[in-house]
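This report concerns packing and backbone geometry in a protein structure. The sequence and the coordinates are shown first.

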Protein chains: 2
Amino acid sequence: MTSILFQMVNVPVALGSRSYSIKIGSGLLPQTGSFCAELNLVGKCAIVTDSAVGPLYGEVVAGSLRGAGFDPFIITVPAGESSKSLKSVEDCYNQLAAHRVERKSFIIALGGGVVGDLAGFVAATYLRGIPFVQVPTTLLAQVDSSVGGKVGVNLMAGKNLVGAFHQPQLVVCDLDTFGTLPQREFRAGLSEVIKYGIIHDRSLFSLLENEAAAVLERSPELLAKLVARSCEIKAEVVSRDETETSVRAILNFGHTIGHGLEAISGYGVYLHGEAIAIGQIAAARISALKTGLKENELKRIEAIFASYGLPTGVRLKEDKKEKLLAAMKLDKKVSSGVIKFVLAKSIGEVEYGQPVEEAWLSERMDSLIA
Amino acid sequence: MTSILFQMVNVPVALGSRSYSIKIGSGLLPQTGSFCAELNLVGKCAIVTDSAVGPLYGEVVAGSLRGAGFDPFIITVPAGESSKSLKSVEDCYNQLAAHRVERKSFIIALGGGVVGDLAGFVAATYLRGIPFVQVPTTLLAQVDSSVGGKVGVNLMAGKNLVGAFHQPQLVVCDLDTFGTLPQREFRAGLSEVIKYGIIHDRSLFSLLENEAAAVLERSPELLAKLVARSCEIKAEVVSRDETETSVRAILNFGHTIGHGLEAISGYGVYLHGEAIAIGQIAAARISALKTGLKENELKRIEAIFASYGLPTGVRLKEDKKEKLLAAMKLDKKVSSGVIKFVLAKSIGEVEYGQPVEEAWLSERMDSLIA
């Protein structure tokens, strides 16, 4: 991959007094400090990162912050989903206290979705909330988890059961960080990009179908376009419904079964994007039976995940299938015991809050996730 | 103490879509269920209580909830400040998950300030926030911690370092619960009532001076008046500044040194109300030197805490004094290393955000807290 300097794109997230912008482009990490200075942030800054990303980019970001007059220090957690835990939250709190972080200090989340969700939750709750900036370094985090203010950690009982809504002050998406992203993680990130096509943008879906080879070769022009368009869609949805009382739920397409699979497999077996690839295909199959998704569009949805090398199904033993249903019922998208799905009417148009009966799901589970 | 049925008083807390009311009166615990039903709460309800309060009132509240069609269960934590910890938070999360608490379920905090702060923080963060109801059973909790939405827990490094703003849907203050309140806790609660007099209500202060004997004998009429007036003042201040960006800070009168004392003594040595009695006297002494509090009013402030049997000073060794200053600097009321105090101009009128230099404090610490 050749590194090309693109014009930086600014995607606004309109949320009244909590509005912020997403900066997308090449060569942005070394500018983190000056971006933060523009926000009137001051003083001490905790860079929360992980053992994989910290050695690559920690010093670039810390140096840029020092250059802009900040006083940064680095908190490193182990790489991987297991750091999205109360244990890691407590470790971060203790380090913030040891460094005497104050209410006007801030946190930078430097890493993938795990780091962003963890650091964001710490920022939401330390001193009852301090500012934070997202610097996502994976495709998944750039197109999804860094935008919208959902932060949190897992319990043994389920994913994201503990959390808050805490909007960042800024999101910095440096496309150059994809240069160090393993191919498996890169593919997993594309799973969320495909989701935006299914839930909201038919032409994005077509682009992804037509340009799979170039995307997988990480064409910088295409990636810039995909990240920007994904962020635009997420920003629009979040602006309309910040705390998910209504339309924001469409972002959960494929996530009910996806989260269930992650929970029963033990966190870390599936990457999030892989689990929701299977979940999106299952949701599309339910859609074909319940909300009139046409057969040829279902085939296109099945095909696109395959063409990006993402898993399209899984065989589960009986006891695992029961555990999957139980995990889905513990998910937050459950109300009074009825499981609510986001289902597609066509590619580019979905409806949230569609009730699906547990018995109906149980009977068809094999064919939905096979 | 004779139990008299008073007309129930409703104190509104005006916070837009997060407005709620504080119900104050006798015989309210058995009505908890019907109050909750009026709020359109439904389904499962976790009653968080402690090992001292649970055996006294847990079943009354649970029965009232069942009678109103709810499905309650009880989570009991050990009595005492040590339960305001991340460990207790995690225990609560795990029990909520085991009982499959959903977004539309709710939490009732039944107990004193520790239970309210803990249960409120759990409610603020479980599933990114679920509704909760405060049922405070101590004077301190009724007049202070149950109102205003500040929730949180302690770290080893300091008190309330972790938390959130999460308003309850309702506060139920049953004055009958004072019947089982130990005298030491009762006196400690009066420390916050005296605070309302100093910061906002000269006539409340005079009433407390004149009626000390009757108050300490727990005159039901007087207590009803004191709780209602305290809640009114707190509600007014919180309505003007929910997240403490300005005037809400006046509620911290006496708390900078008070929290510091609690931190260096080990939680549980001082009751909160005792520590802030010493803190308020120290703040009044600083006020006499810095903001023109008259000598006779300083004497009245010193005298009132003594007349309620509250501690008025403490002798600390040199190393403890240094630790106290260090703990004060870690407090949330610090900005860029300068310690900000709430100081009195006269009884009934205070000013927040008054900077006091560390060296100045250090020189006079003996005389301030003696």
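**Nonpolar core**

The structure is a predicted model. Its largest nonpolar core has 64 residues, and the members that touch the most others are A:Tyr93, A:Ile107, A:Tyr126, B:Tyr93, B:Ile107 and B:Tyr126. In soluble globular proteins, nonpolar side chains tend to be buried together. With residues up to four places away in sequence left out, A:Tyr93 is in contact with A:Phe121, A:Val122, A:Thr125 and A:Tyr126 in chain A, and with B:Leu86, B:Phe121, B:Leu155 and B:Val162 in chain B.

**Helix pairs**

Two packed helices are described by the angle between their axes and the distance between the axes. The table gives these values for two pairs.

| Helix pair | Axis angle | Axis distance |
|---|---|---|
| H3(A) (residues 86–98) and H4(A) (residues 113–125) | about 55° | 10 Å |
| H13(A) (residues 318–330) and H14(A) (residues 358–369) | roughly 120° | within 11 Å |

An angle of about 55° between H3(A) and H4(A) falls in the class in which the two helices are therefore oblique to each other. The crossing of H3(A) over H4(A) is right-handed. From H3(A), the residues A:Ser88, A:Val89, A:Cys92, A:Tyr93 and A:Leu96 meet A:Leu118, A:Phe121, A:Val122 and A:Thr125 of H4(A). This contact comprises seven nonpolar residues, two polar residues and no charged ones. A:Tyr93, named above among the core members that touch the most others, is one of the H3(A) residues in this contact.

H13(A) and H14(A) are likewise classed as oblique to each other, and H13(A) passes H14(A) in a right-handed crossing. On the H13(A) side the contact involves A:Lys321, A:Leu324, A:Leu325, A:Met328 and A:Lys329, while H14(A) contributes A:Glu358, A:Leu361, A:Ser362, A:Met365, A:Asp366 and A:Ile369. By class, these residues are six nonpolar, one polar and four charged.

**Positive phi values**

Most residues other than glycine have a negative phi. B:Arg218 has a positive phi near 65° and lies in the loop between helix H8 (212–216) and helix H9 (220–240) of chain B. The relative accessible area of B:Arg218 is 11%, so this residue counts as buried.

B:Glu244, which is not a glycine, has a positive phi of about 55°. B:Glu244 is placed in the loop between H9 and helix H10 (255–265) of chain B. With a relative accessibility of 11%, B:Glu244 is also buried, the cut-off being under 20%.

Methods: Residues are numbered from 1 along each chain as its sequence is written. Chains are lettered from A and ligands numbered from 1 in the order in which they are written. This is a predicted model: local features need pLDDT of at least 70, side-chain atom pairs count only at pLDDT 80 or more; totals for chains, interfaces and linings use all residues. Side-chain values use heavy atoms; hydrogens and water are left out. A nonpolar core is a set of buried Ala, Val, Leu, Ile, Met, Phe, Trp, Tyr and Cys residues joined through side-chain atoms within 4.5 Å. Buried means under 20% relative accessible area, exposed over 50%, partly exposed in between (1.4 Å probe, protein chains only). Contact means heavy atoms within 4.5 Å. Axes are lines fitted to C-alpha atoms, for helices over the stretch in contact, and angles run from 0 to 180 degrees between N-to-C directions. Helices (H or I, at least four residues) and strands (E, at least two) are DSSP runs, numbered from the N terminus. Angles under 35 degrees count as roughly parallel, over 145 as roughly antiparallel, 65 to 115 as roughly perpendicular and the rest as oblique. A crossing is left-handed if the near helix is turned anticlockwise from the far one by less than a right angle, and right-handed if clockwise. Ala, Val, Leu, Ile, Met, Phe, Trp, Tyr, Cys and Pro count as nonpolar, Asp, Glu, Lys and Arg as charged, and the others, Gly among them, as polar.
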